[in-house]
Amino acid sequence: MDADLQVLGRAVKQAQYRQHRALDSALGEVGTTLAQWDALRAISGRPGASARELAAVTFQSEQAFGALVGRLAAQGLVERRPGHGRRIEHRLTPAGEQTLAAGHQVSQKVLEECFSPLPSADRATLLGLLRRLNEEAPPPTA
């Protein structure tokens, strides 16, 4: 029996929405938002990366990421330095590292709760299916 694709798409979106709301709310307790924490994760994992690269891995436009990283820099969480050519490189400050670490602790608890209805084997199956879908799906059209 094939699942109704509309129902399947909505179920994926509903799970994502519930997870994002829970994460954003909990991350507020450590002084950040989901978008900010995600940017900190991306910068931490790619020190010296350009705004274009970081925007892509955080699913944002370059303009939106630029505004976000500007706010993070104003908060003392990120520093931007000139790189090669016109490239601006991004790095976390010690305060950014602390916020990132606090966010990791919060997110672990939230994600454990979000996925608690699924036993470990089902989580592994879901992850495998989502990875396969993301690797094999054609790129979205504009």
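Is R52 buried or exposed? With a relative accessible area of 57%, R52 is exposed, where buried means under 20% relative accessible area, exposed over 50%, and partly exposed in between (1.4 Å probe, protein chains only). The model examined here is predicted, so local features need pLDDT of at least 70 and side-chain atom pairs count only at pLDDT 80 or more, while totals for chains, interfaces and linings use all residues. Residues are numbered from 1 along each chain as its sequence is written, and side-chain values use heavy atoms, with hydrogens and water left out.

Within α1, the residues L23, A26 and L27 are buried. The cover over the buried residues of α1 includes α2 (34–45) and α5 (94–114).

Charged pairs come next. Side chains of opposite charge can pair when their charged atoms come close. Taking a salt bridge as a side-chain nitrogen of Lys or Arg within 4 Å of a carboxyl oxygen of Asp or Glu, the count comes to four. One of the salt bridges joins D38 and R41, at 2.7 Å from N to O. Both residues belong to helix α2 and sit three residues apart, about one turn of the helix. D38 counts as buried at 17% relative accessibility, whereas R41 is partly exposed at 37%.

R52, the residue of the opening question, forms a salt bridge with E62, and their closest N and O atoms are 3.1 Å apart. Because R52 lies in helix α3 (residues 51–57) and E62 in helix α4 (residues 62–74), the pair ties together parts that are ten residues apart in sequence. E62 counts as partly exposed, at 41% relative accessibility. A further salt bridge links the side chains of E89 and R91, at 4.0 Å from N to O. Both partners are partly exposed, E89 with a relative accessible area of 22% and R91 with 29%.

Two loop residues also deserve a look. F59, in the loop between α3 and α4, has a phi near 60°, a positive value in a residue other than glycine. Most residues other than glycine have a negative phi. F59 counts as exposed, at 76% relative accessibility. S50 is found in the loop between α2 and α3 and, at 12% relative accessibility, counts as buried. Leaving aside residues up to four places away in sequence, S50 touches R87, I88 and H90, a contact meaning heavy atoms within 4.5 Å.

Finally, F115, L126, L130 and L133 make a nonpolar surface patch of about 310 Å². Such a patch joins nonpolar side chains (Val, Leu, Ile, Met, Phe, Trp, Tyr) within 5 Å, from residues with over 30% relative accessible area and no salt bridge. Accessible areas come from the Shrake-Rupley method with a 1.4 Å probe.

Terms used:
Helix = DSSP H or I, 4+ residues; strand = E, 2+ residues; numbered from the N terminus. Patch = residues over 30% accessible without salt bridge, like charges linked within 9 Å, V, L, I, M, F, W, Y side chains within 5 Å.
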